[in-house]
Amino acid sequence: MSISTVVGNWKMNMSVAEAEALATAIRALLTIPDGTLALVCPPFPALAVVAEVLAGSTIGVGAQNVHPESSGAFTGEVSTTMLFETCSHVIVGHSERRALFGETDDFINRKARAVTEAGMTPILCVGESLEDRDNGRAEQVVEFQVRKGLAGVSGAVVAYEPVWAIGADRGATPGTAQEIMAYIREVLSDLSSYHSASEVSLLYGGSVNHSNIQTYTAQDDIDGVLVGGASLDAESFCKIVELAYR
């Protein structure tokens, strides 16, 4: 069985000092149940400071993005060689990167392969738009993103974040999320052996908080959550982690 996983995506929030204070508060408050992995993904300027605060703890550090090339003339970008000393995981394919920065599935796959080649774990984000769901294309879209994103990649985490539920007043219902997660598990079993697919952590993201997390993790194929806004509050994030274990 895959491990229960909670990832806090801090997005473009907080100064370095504020990120340091949040990491310090999380370390002081958090008790991580056995069988649970907790990660925080701060903005790039705060990565080193947050990693230093969390060093020696059981709380991991991830990055929010990466460029597939290891170095070169890519102004403003960050490579795996700049991340592997502080990060164990890297988010790739987030819907905001797809929609706002035009990232394609091929480019996202290059990122995922670069992350694994550097010895880190990619967290591949997939999810359909409201238009796709209303037109009955949710499974088709998600399958395409999984297959393209994980081509040639092993050891990934997959996060299902329906675009229409991110930052919204309501997320996908647990039943709706479970339907897609079960389908993702089927797709993964086609990419590898079912034994391997059953051990891939599948996360749900989209308006997750400590009040609703257990309705998601109670589902058979939801192993944890990718948390946005609720991860910016230490007490809220710690409650989510503590409630995540199934």
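Angles under 35 degrees count as roughly parallel, over 145 as roughly antiparallel, 65 to 115 as roughly perpendicular and the rest as oblique. The model is predicted, with local features needing pLDDT of at least 70 and side-chain atom pairs pLDDT 80 or more, while totals for chains, interfaces and linings use all residues. Residues are numbered from 1 along each chain as its sequence is written, and side-chain values use heavy atoms, with hydrogens and water left out.

**View A. Packing of helix 6 against helix 7 (residues 174-191).** The two helices (DSSP runs of H or I, at least four residues, numbered from the N terminus) pack at an angle of about 40°, with their axes 10 Å apart. Axes are lines fitted to C-alpha atoms over the stretch in contact, and angles run from 0 to 180 degrees between N-to-C directions. Helix 6 and helix 7 are therefore oblique to each other. Contact (heavy atoms within 4.5 Å) joins Ala138, Glu139, Val142, Glu143, Val146 and Arg147 of helix 6 to residues of helix 7 including Ile180, Tyr183, Ile184 and Leu191. By class, this contact has nine nonpolar, no polar and four charged residues. Ala, Val, Leu, Ile, Met, Phe, Trp, Tyr, Cys and Pro count as nonpolar, Asp, Glu, Lys and Arg as charged, and the others, Gly among them, as polar.

**View B. Helix 4 (residues 105-117) crossing helix 6 (residues 138-149).** Their axes come within 8 Å and cross at roughly 45°. This pair is therefore oblique as well. Asp105, Asp106, Asn109 and Ala112 of helix 4 meet Phe144, Gln145, Lys148 and Gly149 of helix 6. The contact comprises two nonpolar, three polar and three charged residues.

**View C. The largest pocket.** On a 1 Å grid over the protein atoms alone, a pocket is an open set of points with protein on both sides within 12 Å along at least five of seven lines, a cavity is a set where a 1.4 Å probe fits but cannot get out, and lining residues have an atom within 4 Å of a point. The space in the largest pocket is about 460 Å³, a volume being that filled by probe spheres set on the points, which are joined across faces, edges and corners. Of its 18 lining residues, Met12, Gln64, Asn65, Arg97 and Phe101 are the closest to the centre. Helix 3 (residues 95-101) gives the most to the lining, with four residues.

**View D. The largest cavity.** Its volume is about 40 Å³. Among the lining residues are His94, Arg98, Cys125, Gln145 and Glu161.
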